[in-house]
Amino acid sequence: MKVAMTQQETLKHLAEEHVIKPAMFEQAQALLLADDTDHSPWYIHALAGLGAWISSLLFMFFAALTGIVKGDISFVVSGTLLLTSALMLNRINAPVQSTYASQLLLVVSLSGHILLSIGISMLTDSMAVVSLVVMGLSIVFILFYLQALHQFLSILMFFIAILVLAAESHALTLLMPVIITVLAGSAVWFWLKESHYAAKKQAAFYHNLKYAVVVGLVICASLLARQVRYGFGSTIDMSALTYSLTAIGLFFAMVYLIAHILQRLCVNWKSVLGVTLLLVTAFLSALFYQTPAIMISLIVLVLGIERGNRILIPFATVGFIYFLGVYYYNLDVTLLHKSLLLMVSGLVLSIVGIVFYKNNQGE
Amino acid sequence: MSNRYLPSNITHDARWLYPLVSRIPLSGETFEAVLLKLGVVPSKSTWQQWLILLLLGLGSGLFLTGIVFFFAYNWEAMHRFSRFTLLGAGVIISSLVAFWQGTKTLLGQLALTAASVLTGVLLATFGMVYQTGADSYLFFSSWAIAILPWVIVSRFQPLWLIALMVANIAIITWGGATISQFDLFRDDTRQVTLALLTLNGCVLVLREMTSLIHISSELGRWFPRIIVLNITALVSFDIVRFIVTESYLDAPSLILLYVATLVVLSGYYLLVRKDLWVIALVMGSLILTSTTGLIEGMESSRLSLILFVTGVYIAGVTAFAAQCLRMLSKRWNVKDNVQ
């Protein structure tokens, strides 16, 4: 069994192949040996984040039950106090990076967000105002709160606030295609330019941004997959135009992605391969235009493969399977038509795959 | 390391490089060249393999889904022989393709998977047409047994997962059919839990034993991780149920089973396999059960006190768990670094 190269061996190999300069090799070695960076995988951050969310919700209920926080003004004041404390204490903790302090501050910050949002909602009786406040808070915390998990959550909160604002303005059906197209385009852009942003000073921010954009895209996809339930008892019906425009936007995002990959691999997009991929993309976009979530899963999957990312690929695969199941419940097309479309498209794709397979074996 | 199922770019772990890039500093172009050299960013030949995998996987997946949708539609209108002919032909054609291509190729493995799924559909059709009156568990167990030889020869993890899911459903439906007043909160459903644990445990042991021979890459870990998730969820649910219902029947054996399961999993995946995901799952289970115990223990206290104490406890214990996991991750990375 071949053993993977250690990190040291990998750096040495890169230096020997003249991919990196000897000075860079020595610097990298020294940094590795110091090893003060956090290598923890995503599920450790998820565990910490989940714990913080649950704790902050429990504290919030505690505050409401005991009357510590009573009335709209006290919600706003206590929320603001907690947020200010979290921001200030985070600057003190930043050099030390104590896990316990980071977790506690995350709980304090999230509790502050919730309390302030509830207070403003009670004061103004307007979710639009709450959304604007959340967007403002998110920007402040992205800029000044030095913690990766919180930055990620702030970016997500910003996206969700945009969606709520759009729903409050009764413009969600119109804006959804725009939001999804922008998110899909941003996801493609940030992931394809990953190396460029990794070299920048704000590398940590871009790292969180690229994941948050993908999660935001999936949230929008989930909203589109079912009738949107908003508020208490009301629903927002997505029109056929919403789905069609979204499908067109996603088609162009996928075409841009494929064009970039073909250019990187020095393959002419007018070649048989390029044209086949374009036709397959158009076909799949048309087939699943009423469940754009499926196209979104495919975009994320191709992005994951192009960047060799082992988080995107399984999530995109699971998402694809789930949204294919949701397609079953699409009532605008009969089950017979859906089944025939799927079988024919499956056969066509399989035949194309077999042709490529045989060509590849021949080469 | 190579994985014979998936193209090679996905087996290289370059996550440790990203935090270094801005600190060295490396330019964006140099870093991209590094990723290309390490094979993380796929080359033309790697992308060719991926393209074939995507087209065949997507194609076969859509085709199979179409067949399932087809049989869900207006089933009554079709004559029973048409149904059997179509399904039977599907099973035979898929099996022939698998035989022709062999189980060492992706096409052969996908064909075998299709044959396995269609076998289940065929059995379901038989039961529906002839109204055999068989219980659900008979259908699922027959399906699992029928495809077992294919599952063994396929050496294809997605098919193993399908077979395992079918077998698990067979046991659960068996519980529903044979245990009177089947209720997840009754004690006699522990037979079902034990049966599920035994099944998943045996599959996990087999998988880990064979993995040393066949699959060596990190990506091959998803299947055993899913099994561990099943096992952990089962024993955790049992303990939570025990705490919530205050059902003290066989309490010592229940606690012993829970502790033993976690100890075995932790021991193996800490000392032998070094899989952080499993350790995180074990910690998650301990957090869940201990929090449930804490809330039950404070049952007679005021709600506000329960909320406060639980909030503090969860914040503290998740921070502790995250800290332990980070330390482990660092130690395993450093160990790899200095070898």
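Chain A brings 93 residues and chain B 90 residues to the contact between them, where contact means heavy atoms within 4.5 Å. This is a predicted model, in which local features need pLDDT of at least 70, side-chain atom pairs count only at pLDDT 80 or more, and totals for chains, interfaces and linings use all residues. Residues are numbered from 1 along each chain as its sequence is written, chains are lettered from A and ligands numbered from 1 in the order in which they are written, and side-chain values use heavy atoms, with hydrogens and water left out.

- Gln7(A), Ile305(A) and Arg310(A) supply 9% of the area that chain A buries against chain B, more than any other three residues.

**Salt bridges**

- Side chains of opposite charge can pair when their charged atoms come close.
- One salt bridge is found across the interface of chain A and chain B.
- Arg307(A) pairs with Glu32(B) in a salt bridge, with 3.0 Å between the closest N and O atoms.
- Within chain A, Lys210(A) forms a salt bridge with Glu194(A), and the closest N and O atoms are 2.8 Å apart.
- That pair links distant parts of the chain, since Lys210(A) sits in helix α10 (residues 203-225) of chain A and Glu194(A) in helix α9 (residues 194-198) of chain A, 16 residues apart.

**Helix pairs in chain A**

- Helices here are DSSP runs (H or I, at least four residues), numbered from the N terminus.
- Helix α6 (residues 127-144) of chain A packs against helix α7 (residues 148-168) of chain A at an angle of about 155°, with the axes 8 Å apart; axes are lines fitted to C-alpha atoms over the stretch in contact, and angles run from 0 to 180 degrees between N-to-C directions.
- That makes α6(A) roughly antiparallel to α7(A), a label for angles over 145 degrees.
- α6(A) passes α7(A) in a left-handed crossing, meaning that the near helix is turned anticlockwise from the far one by less than a right angle, while clockwise is right-handed.
- The residues of this α6(A) and α7(A) contact divide into 15 nonpolar, five polar and one charged, where Ala, Val, Leu, Ile, Met, Phe, Trp, Tyr, Cys and Pro count as nonpolar, Asp, Glu, Lys and Arg as charged, and the others, Gly among them, as polar.
- Helix α11 (residues 240-264) and helix α12 (residues 272-287) of chain A have axes that come within 10 Å and cross at roughly 160°, so they are roughly antiparallel to each other.
- The crossing of α11(A) and α12(A) is right-handed.

**A helix pair in chain B**

- Helix α10 (residues 251-272) and helix α11 (residues 276-297) of chain B pack at about 155°, with their axes 9 Å apart.
- That makes α10(B) roughly antiparallel to α11(B).
- α10(B) passes α11(B) in a left-handed crossing.
- The contact of α10(B) with α11(B) divides into nine nonpolar, three polar and no charged residues.

Note on methods:
Helices (H or I, at least four residues) and strands (E, at least two) are DSSP runs, numbered from the N terminus. Angles under 35 degrees count as roughly parallel, over 145 as roughly antiparallel, 65 to 115 as roughly perpendicular and the rest as oblique. Buried area is the accessible area (1.4 Å probe) that two parts lose on being put together, summed over both. A salt bridge is a side-chain nitrogen of Lys or Arg within 4 Å of a carboxyl oxygen of Asp or Glu.
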